[in-house]
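User: I'd like to learn how to read residue contacts and helix packing in a model. Could you take me through some cases?

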Amino acid sequence: MTELTVDEPEDRQRTPRRLMANPRTVAEAEAVQDRLRPLVDLVGPGPTTPRRVAGLDVAYAEDGQRLVAAVVVLDARTLAVVDSAVVAGRVAFDYVPGLFAFRELPTLLEALDRLTTQPDLLVCDGHGFAHPRRFGLACHLGVLTGLPAIGVGKTPLVGQWDAPAEQRGSWSPLRDGPETVGRVLRTQDGVKPVFVSVGHRMDLDNACARVLASSPRYRLPETTRQADQLCRTALAARIVDGLD
DNA sequence: GCGACAG
DNA sequence: ATCTTGTCGC
């Protein structure tokens, strides 16, 4: 299902081993990020009018070890759900700010592999370029799948910014030192803004345009909301194999 | 040395 | 992320 594997039918659902490094220590994890970082395409410009947009999210079980990942594909124009996948898994790494992606990556990739419909944009729950080593979850998912990706965070990880105007669509640059790493974007009038950053094969302007187009009514994009609802429901009702 | 720190 | 009660507002 991923672009990187289309030439290997017998292996089409597996991300190449050379990119699947599963670190066991903080040093190894940071090394993986530094190695993949050069593969990120920050220019894009990415699809201005994508057909299908995917939202990804994860819900954690009570023990904090098991989790359920969900991917929901929406029609970019109507925002109607056209496909989805839910997978149960295990936390693959302890939570460390900056290494968050390693916790959910294996299960999220598995869920992406189970889609029937190929999305042309991934909207990730977390940051992309707005990361200490400029390689957050959105960059990681983008590079591993080869798909355009953007990161939408609810809270900051790095950078400083000025509050954007209260109107929907207003934004201010998110800067980490001298460089702009993302934007603080107001998706609804008078509502707390979100943190948008490039993941892969997209420019920042387009990334913000896509986020706004996906958030007609609420603070978070419909993609994120649908994915959140799906994995949360699947976990609570245990309607997913491999749990318990 | 002391905070901050995606989900 | 998840644990948690009520509360203000559409």
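User: Which residues does K154 touch, not counting residues up to four places away in sequence?

Analyst: Contact means heavy atoms within 4.5 Å. By that rule K154 touches D125, P193, F195, R219 and L220. This is a predicted model, where local features need pLDDT of at least 70, side-chain atom pairs count only at pLDDT 80 or more, and totals for chains, interfaces and linings use all residues. Residues are numbered from 1 along each chain as its sequence is written, chains are lettered from A and ligands numbered from 1 in the order in which they are written, and side-chain values use heavy atoms, with hydrogens and water left out.

User: Where is K154, and is K154 buried or partly exposed?

Analyst: K154 sits in the loop between strand 5 (149-153) and strand 6 (171-176); strands (E, at least two residues) and helices (H or I, at least four) are DSSP runs, numbered from the N terminus. Buried means under 20% relative accessible area, exposed over 50%, and partly exposed in between (1.4 Å probe, protein chains only). K154 is partly exposed because its relative accessible area is 35%.

User: What does the side chain of K154 make a polar contact with?

Analyst: A polar contact is a pair of N or O atoms within 3.5 Å; within protein, one must be able to donate a hydrogen and the other to accept it, and residues adjacent in sequence count only if both atoms are side-chain atoms. The side chain of K154 has such a contact with the side chain of D125 (2.9 Å). An N or O atom in the K154 side chain is also 3.4 Å from a phosphate oxygen of DNA strand C.

User: How do helix 2 and helix 3 pack?

Analyst: Two packed helices are described by the angle between their axes and the distance between the axes. Axes are lines fitted to C-alpha atoms, for helices over the stretch in contact, with angles running from 0 to 180 degrees between N-to-C directions. Helix 2 (residues 101-113) and helix 3 (residues 137-145) pack at about 40°, with axes 11 Å apart. That makes helix 2 oblique to helix 3, since angles under 35 degrees count as roughly parallel, over 145 as roughly antiparallel, 65 to 115 as roughly perpendicular and the rest as oblique. Residues making the contact include L105 and L108 of helix 2, and L141 and L144 of helix 3.
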